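Please read this briefing with the sequence and the structure side by side, and find each named part in the picture before moving to the next point.

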Amino acid sequence: MQTERESILTNKEKLFLLTKFVEDHPEAEIQDFYKWLYYGEFGMEESSLIMTGRQSIPELHIVLSEIKKEESETRESELIWEPMGLAARFVKVYVTKYYHMDCPVKRLVNLLERSPAFRGARMSFKLDWNLLKETVLELRPELGRRDFINFEERINFHQLPALPYTEGYADKNPFAYRVVSQKLFFDYFPEFEDNSVFHPFSGNESIIG
């Protein structure tokens, strides 16, 4: 059964993705949750630099240098991809693992360039942010509601700016990646598609353990 890539996930499915992310990343701070959700709705804003020509070094060269660096350190992600956020619009692709699966790097760069067409909506993001807040407050009691309010005030939440990951999160998750449209990614690489990741309650529970 194929993933219904353009459908909106149910709240139950969103809670599954969110709970897994929170439990897998105890080092994550509010800013990291925000970036994960933001990339899932809007993709990598950095890709717009490629389209406008403001990036002096071609993206292909950057990706290849990241792969070379990780190969020299003999480390790569166990995963080739994982979901981003709760919108089911974008996926995080680990470039070295992707390359070692004999996938063309040029194709990944092409997907990155085309992905802005699949950006989501501000209202959807804000609704998912509210769901994320309530869930994180329950799962991470050391984070309080005031912490979220202070964060929103600090970043001018109504403007929805993109933010970097915190140093602690980046250290725990060091692998090079790109965020691309999951529809485009699975159109080109259907062999990597796993319906249970986005729809864990569709009869594939055994796949996710």
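In this predicted model, the axes of helix H2 and helix H7 come within 10 Å of each other and cross at roughly 145°. The crossing of H2 and H7 is right-handed. Two packed helices are described by the angle between their axes and the distance between the axes, and the points below return to that description several times.

**Helix H2 against helix H7**

- On the side of H2, the contact is made by Ile-30, Phe-33, Tyr-34, Trp-36, Leu-37, Tyr-38, Glu-41 and Phe-42, while H7 contributes Arg-122, Ser-124, Phe-125, Asp-128, Trp-129, Leu-132 and Val-136.
- Sorted by class, the residues in the contact of H2 with H7 comprise 11 nonpolar, 1 polar and 3 charged.

- A pair of aromatic rings is described by the distance of the centres and the angle of the planes.
- The structure holds 23 aromatic pairs, and one of them joins Phe-42 and Phe-125, whose ring centres are 5.6 Å apart and whose planes stand at 45°, so the pair is tilted.
- Because Phe-42 lies in helix H2 and Phe-125 in helix H7 (residues 122-139), this pair ties together parts that are 83 residues apart in sequence.

**Helix H2 against helix H8**

- Helix H8 covers residues 145-155, and the axes of H2 and H8 come within 10 Å and cross at roughly 65°.
- H2 passes H8 in a right-handed crossing.
- The residues that make the contact are Ile-30, Gln-31 and Tyr-34 from H2, together with Asp-147, Phe-148, Phe-151, Arg-154 and Ile-155 from H8.
- By class, the contact of H2 with H8 has 5 nonpolar residues, 1 polar residue and 2 charged residues.

- Strands of a sheet pair through backbone hydrogen bonds, either parallel or antiparallel.
- Here there is an open sheet of 3 strands in the order S1-S2-S3, and the pairing is antiparallel.
- Strand S1 (81-83) and strand S3 (177-181) are the edge strands, each of which pairs on one side only.
- From one strand to the next, the twist averages 30°.
- Strand S2, made of residues 90-94, pairs with S3 in the antiparallel sense over 5 bridges, and the bridge partner of Val-93 in S3 is Arg-178.
- Helix H2, which spans residues 30-42, lies across S1, S2 and S3 and runs at about 110° to S2.

**Helix H4 against helix H6**

- Helix H4 (residues 59-72) and helix H6 (residues 105-114) pack with their axes 10 Å apart, at an angle of about 125°.
- The crossing of H4 and H6 is right-handed.
- H4 brings Glu-59, Leu-60, Val-63, Leu-64 and Ile-67 to the contact, and H6 brings Val-105, Lys-106, Val-109 and Leu-112.
- The residues of the contact of H4 with H6 divide into 7 nonpolar, no polar and 2 charged.

Methods:
Residues are numbered from 1 along each chain as its sequence is written. This is a predicted model: local features need pLDDT of at least 70, side-chain atom pairs count only at pLDDT 80 or more; totals for chains, interfaces and linings use all residues. Side-chain values use heavy atoms; hydrogens and water are left out. Two strands pair if DSSP finds at least two bridges between them. Helices (H or I, at least four residues) and strands (E, at least two) are DSSP runs, numbered from the N terminus. Axes are lines fitted to C-alpha atoms, for helices over the stretch in contact, and angles run from 0 to 180 degrees between N-to-C directions. Contact means heavy atoms within 4.5 Å. A crossing is left-handed if the near helix is turned anticlockwise from the far one by less than a right angle, and right-handed if clockwise. Ala, Val, Leu, Ile, Met, Phe, Trp, Tyr, Cys and Pro count as nonpolar, Asp, Glu, Lys and Arg as charged, and the others, Gly among them, as polar. Rings of Phe, Tyr and Trp (its six-membered ring) pair if their centres lie within 6.5 Å; planes under 30 degrees apart count as stacked, over 60 as edge-to-face and the rest as tilted.
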